[in-house]
Amino acid sequence: MRYDYIIAGAGCAGLSLLMRLLQQPQLNKKSILVIDQSQKEENDRTWCFWEKSTGPFESIVHHSWKEVNFYSDSFSSKLDLYPYQYKMVRGIDFYNYVIAFAKQFPNVEFRYEKVTAVHTAMNMAIAELGNDRVEGNYIFSSIIFEKPELEKNEYYLFQHFKGWVIETKQPSFNPSVATFMDFRVSQEHGTTFMYVMPTSATKALVEYALFTETLLQQNEYETALKDYITQKLGIQDYCIEHEEFGIIPMTNHPFPLQQGKVIYIGIAGGQVKGSSGYAFQFIQKRIKGIIDSLVKHDHPFIQQTLTNKKFHFYDSVLLQILQHHKMNGDSIFAAIFKGNEPKTVLKFLDNESNLLEDLKIMSTVPSSIFLPAAFKEMFR
Ligand SMILES: Cc1cc2nc3c(=O)[nH]c(=O)nc-3n(C[C@H](O)[C@H](O)[C@H](O)COP(=O)(O)OP(=O)(O)OC[C@H]3O[C@@H](n4cnc5c(N)ncnc54)[C@H](O)[C@@H]3O)c2cc1C
């Protein structure tokens, strides 16, 4: 059988695409095969992102905040995010929601297997599955088969983090204010911060995140979390209800958007913002673009825009500065949040700011560091 669409990898990007395909009357009768090596039954991650209005996954938003704290040695403040809200979606709620919705459609089939390769032959998209292979008009793949070969002047840092959902007996948190970034922790490894996402007076996700070239030992993440919880949050008595660990590439490597009939989505399609590690909303934007193209043009190919290229350039400049230790991330983020309205910073981090807003943000970071780095990127 030749499927209309094969979705290889049913995580954030694959299931977001599936949901949007099935919500679109012009596309929801297409034959769709979804393949993943895992049954998605675990709460393996928590997504946080900001949004102005209600989004496609509003009904499963676990908690949201209108205000967040920012802390660093040089600048600390409570930030009013209006018109944005910072939102949290738990992985397990997302997987259950999309899979339950998709199960109502007889034209959607799930297979739980490892995909070994995806490619195009005879104008067909092919997914190799060990001893079997499946064919489709298009494959949407979010599977990263190997780390990309880097060219000279491509930067590659890991954003790695460990998070605990902790529960306390006594009220310990204000569930209306999250901590977006707290840099008041050791910066010995590179850009390092904590974030705290309280969902009630007695429960919060506390996460330790770093942007570095190498990972830490597991006990180092745990020691940092324990120290922060006891010393900075002042909590001695707590239990760990849930744990998550993640590694995300922060790179300016240009991941291909498509090859033949294979369309890359998610991290595999370069949808992690190189300089911040945020991906959820970039994945949603790309999926929306693909759906719009399928409806309008009957194909899923979308090209890079000039705006994408502009922000890719900014990300490269920041990555260069971080990877070559020209300035610490804590000082950069502190300068940006100190000198600009939160809504402008969030718009910039969303790749949606205009040139004037970009220039305003750039005027708040040291030109002696950023101008030579930008010059180097321009002529590399
Ligand atoms: C713990 C964690 C927390 C994060 N928090 C945030 C956040 O707060 N905000 C944000 O914007 N971003 C966050 N991210 C980054 C990003 O949003 C997520 O990584 C997101 O899940 C990426 O979506 P994806 O579809 O590209 O990859 P995934 O969601 O990882 O999906 C890929 C799928 O492919 C499957 N797969 C892999 N290899 C194979 C194979 N060979 N065969 C078959 N199936 C395969 C996997 O099982 C998985 O289901 C986080 C990432 C992690 C890991």
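Colleague: Where is Gln 26 found?

Modeller: Gln 26 is in the loop between α1 and β2; helices (H or I, at least four residues) and strands (E, at least two) are DSSP runs, numbered from the N terminus. This is a predicted model, in which local features need pLDDT of at least 70 and side-chain atom pairs count only at pLDDT 80 or more, while totals for chains, interfaces and linings use all residues. Residues are numbered from 1 along each chain as its sequence is written.

Colleague: Is Gln 26 buried or exposed?

Modeller: Gln 26 is exposed because 12 other C-beta atoms lie within 10 Å. A residue is buried if 20 or more other C-beta atoms lie within 10 Å of its own, exposed if 12 or fewer, and partly exposed in between, with C-beta atoms placed from the backbone.

Colleague: What separation do the C-alpha atoms of Gln 26 and Leu 294 have?

Modeller: 9.1 Å, although the two residues are 268 residues apart along the chain.

Colleague: Switching to the ligand. How many residues surround it?

Modeller: 28, and the closest include Gly 9 and Cys 12. To be near, a residue needs its C-beta atom, placed from the backbone, within 6 Å of the molecule.

Colleague: Which elements each supply at least two residues of that shell?

Modeller: α1 (12-22), β2 (32-36), β3 (46-51), β16 (238-251) and α4 (280-297).

Colleague: Which strand does β3 pair with?

Modeller: β3 pairs with β7 (residues 85-90), antiparallel, over six bridges; pairing takes at least two DSSP bridges between two strands. Cys 48 stands opposite Met 88 in β7.
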